[in-house]
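Subject: Structure handover

Hello,

Here is the structure I said I would pass on. My notes on what was found in it follow below.

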2 protein chains.
Amino acid sequence: MTQNKRAPAGAAVLRGDITSALRAAVMQELAEVGYGRLSIERVARRAGVGKTAVYRRWGSKLAMVLDIVSELAVHKMPLPDTGSLHDDLEILLQIVNQVLQHRLAAQVVPDLLAEAARNPQIAETLQAALRANQRNVADLILGRAIERGELSPGIDTDAAVDLIIGPLYWRLAISRTRLPSGYLPRLAAVTTAALRSELMSPPVPKPAAPAPKPAAPVVAPATPADGAPVTA
Amino acid sequence: MTQNKRAPAGAAVLRGDITSALRAAVMQELAEVGYGRLSIERVARRAGVGKTAVYRRWGSKLAMVLDIVSELAVHKMPLPDTGSLHDDLEILLQIVNQVLQHRLAAQVVPDLLAEAARNPQIAETLQAALRANQRNVADLILGRAIERGELSPGIDTDAAVDLIIGPLYWRLAISRTRLPSGYLPRLAAVTTAALRSELMSPPVPKPAAPAPKPAAPVVAPATPADGAPVTA
DNA sequence: CTCGGTTGGAACGGCACCGTCTCAACGCTG
DNA sequence: CAGCGTTGAGACGGTGCCGTTCCAACCGAG
C-alpha cells in the first residue's frame with residue numbers, strides 16, 4: 001500500500017495519556033449513568049479533551065465501550081490451582097468477591113450484562129472477554145477436579161458453573177447486602193459438597209418410567225395475569 | 001377540603017384504556033431501550049397519545065416507572081406449600097423460571113436491578129415490591145422447613161436465599177442459555193441437600209473464637225449502609 | 001339541555017447531544 | 001532545522017427530548 005509515505009511521528013501520533021484519561025472517563029461515566037445514558041460529549045468533557053479525541057480513536061459509542069470492555073477482561077485473573085476442589089473454589093469466590101466489591105465493577109458489570117440482553121454485540125464481546133480470560137476459570141477448576149476423581153466425569157458442568165457463581169453474584173450484584181464473616185468459606189464448603197453429590201450427574205432420575213414432573217400443573221401455567229401484552 | 005365543588009365526571013376523568021396503553025408502552029420501551037434511554041415522548045408515541053396524558057398521570061419518568069413497577073409486583077405469586085422443602089423449592093424454581101422466561105421480564109428485571117444500584121428510589125421500590133409480594137417467598141419456605149425440623153433453626157437464611165435463587169437467576173438472566181431437561185429438578189434436589197447440610201449453620205468453622213453474630217437483630221432496619229457514590 | 005371542568009393533542013422555546021468540519025499547534029523524521 | 005501530517009479543540013447545523021402552555025372536544029351533573 002501507500003507506505004512510501006513517511007510514518008506518522010511527533011505530534012502526529014495518538015497520545016497515550018489522553019487515551020488512558022478517556023478510558024477512565026468511560027468507566028466512570030458507565031458507572032454513573034450506565035451505557036444507555038452514556039454520551040460522547042460527557043466522556044470527552046470528563047476526560048478534559050475534545051470530542052475529536054474520541055472519534056479519532058473509536059468512531060462510535062458502541063465501539064468505544066466494546067474496546068474498553070475487551071481490554072478490561074485481559075486483567076489476568078490469578079487461576080487457583082491448589083489440588084483441592086474446595087480450596088480452588090474458596091479462592092475463586094474470594095476473587096469474584098474482590099472484583100465485585102470494586103465500586104466501578106459493581107456498577108458497570110450488571111449494567112453491561114443488562115445491556116447485553118438487548119445488544120448482541122455487547123453480549124458477544126462480554127462472552128468473548130470472559131472466555132478468553134481463562135477459558136472460564138470455573139470450567140478449568142471443574143475439569144481438574146474431574147481429572148483428580150473428585151467429581152464424576154458425567155457431571156453437568158453448566159449447572160455446576162451456575163451453582164458456583166450464581167449465589168455469590170446474586171448476593172453481591174443484586175441483593176447487595178454485606179457478607180457476614182465466614183460467608184465465603186461456608187459458601188465454598190456447601191458448594192463443594194453440592195458438586196460432589198451424585199445428584200449433579202445427568203442419568204440419575206431416569207430409571208424406567210419417566211414423566212415424573214410433566215409440566216408442573218401445581219402452579220399457574222404461564223403467568224396468565226400479566227398486565228403486559230405478549231404480542232407487540 | 002373544597003369539596004363543595006362538583007366532582008369531576010364525564011370526559012373530565014382519566015380514561016382507563018389510555019392508562020393501560022401507557023403502562024404497556026412503558027414496559028415495552030423499558031425492555032427495548034432500558035430505563036436510561038426511556039423517554040416520555042417515545043412512551044407517549046408508542047401508546048398513541050399525547051405527552052400530556054403522561055404528565056397528568058405521573059409527572060416524571062421516575063414516578064411513572066416506580067408506579068408501574070410497584071403495580072407489577074402485586075402479581076400474586078402462588079406460594080408453594082407442599083409440606084416438603086424439596087417440593088416447595090422445585091415449585092419455586094419453576095415459578096422463577098416461568099417469570100424470567102417472559103420476554104419482557106427477562107429484559108426489564110436485570111435492567112432495573114442495574115439501575116437500582118445507582119438510584120436509591122428504584123432500589124427501595126423494588127425491595128418494597130418484592131418484600132410486599134410475599135415477604136420474600138424464599139424466606140417463608142425456609143421458615144416452614146425450619147418449623148418442620150427439616151432445617152436447623154440456626155441456618156444462615158441470607159446465605160440460604162442466595163443459594164436458592166442465585167444459580168437460576170444467573171442462568172436465566174446472565175448466562176441466558178437454554179435449560180436442559182431435568183435442570184430444574186436437579187437444581188432443586190441439589191439445593192435441598194445443600195440447605196440440609198450442617199455446613200449452613202453458623203458456628204461451624206470457628207473452633208476458638210465464638211463470634212456471636214453481632215449484626216442479627218430481629219428485623220433488618222433498612223439496609224442503610226448503602227454504598228453511596230463516594231468521591232470519584 | 002346547558003355548561004363546567006377536565007381531557008387529549010399539538011405547538012413552543014430551551015437544552016443536550018450527535019457527528020462533521022475547520023484550524024492552529026506541535027514534534028519527530030529526514 | 002524545516003515542514004509534513006496528524007493532533008486536540010472548538011464551532012456548527014441537525015435532531016430528539018423536556019416540560020409547559022394553549023385549545024377544542026367531550027361527557028355527565030345539575
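**Helix packing in chain A**

In this predicted model, helix α1(A) passes α2(A) in a right-handed crossing. The two axes come within 8 Å and cross at roughly 125°. That angle makes α1(A) oblique to α2(A). On the α1(A) side the contact is formed by A21(A), L22(A), A25(A), V26(A), Q28(A) and E29(A), which meet R42(A), V43(A), R46(A) and A47(A) of α2(A). Sorted by class, the residues of this contact are six nonpolar, one polar and three charged.

A second pair is α5(A), residues 85-101, with α9(A). Here the axes come within 10 Å and cross at roughly 25°. Angles under 35 degrees count as roughly parallel, and α5(A) and α9(A) are therefore roughly parallel to each other. This crossing of α5(A) past α9(A) is right-handed. From α5(A), the residues L89(A), L93(A), V96(A), N97(A) and L100(A) take part; they meet I164(A), I165(A), L168(A), L172(A) and A173(A) from α9(A). The contact of α5(A) with α9(A) has nine nonpolar residues, one polar residue and no charged residues.

As for the chain as a whole, chain A has ten helices and zero strands, so the pattern read along the sequence is α-α-α-α-α-α-α-α-α-α. Of the 232 residues in chain A, 30% are buried. Taking contacts in chain A between residues at least 6 apart in sequence, 64% join residues at least 24 apart.

**Where the chains meet**

**The nonpolar core**

The largest nonpolar core has 110 residues. Those that touch the most other members are L112(A) and A160(A) in chain A, along with V26(B), L112(B), A160(B) and L187(B) in chain B. For V26(B), not counting residues up to four places away in sequence, the residues touched are V43(B), M64(B), V65(B) and I68(B).

**One residue in chain B**

A116(B) lies in helix α6 of chain B, which covers residues 103-116. Is A116(B) buried or exposed? A residue counts as buried if 20 or more other C-beta atoms lie within 10 Å of its own. A116(B) has 20 other C-beta atoms within 10 Å, and is therefore buried. Leaving aside neighbours within four places in sequence, A116(B) is in contact with I122(B), A123(B) and L126(B). Q127(B) is eleven residues from A116(B) along the chain, and their C-alpha atoms are separated by 9.7 Å.

Regards

Definitions and conventions: Residues are numbered from 1 along each chain as its sequence is written. Chains are lettered from A and ligands numbered from 1 in the order in which they are written. This is a predicted model: local features need pLDDT of at least 70, side-chain atom pairs count only at pLDDT 80 or more; totals for chains, interfaces and linings use all residues. A nonpolar core is a set of buried Ala, Val, Leu, Ile, Met, Phe, Trp, Tyr and Cys residues joined through C-beta atoms within 7 Å. A residue is buried if 20 or more other C-beta atoms lie within 10 Å of its own, exposed if 12 or fewer, and partly exposed in between; C-beta atoms are placed from the backbone. Two residues are in contact if their C-beta atoms, placed from the backbone, lie within 7 Å. Axes are lines fitted to C-alpha atoms, for helices over the stretch in contact, and angles run from 0 to 180 degrees between N-to-C directions. Helices (H or I, at least four residues) and strands (E, at least two) are DSSP runs, numbered from the N terminus. Angles under 35 degrees count as roughly parallel, over 145 as roughly antiparallel, 65 to 115 as roughly perpendicular and the rest as oblique. A crossing is left-handed if the near helix is turned anticlockwise from the far one by less than a right angle, and right-handed if clockwise. Ala, Val, Leu, Ile, Met, Phe, Trp, Tyr, Cys and Pro count as nonpolar, Asp, Glu, Lys and Arg as charged, and the others, Gly among them, as polar.
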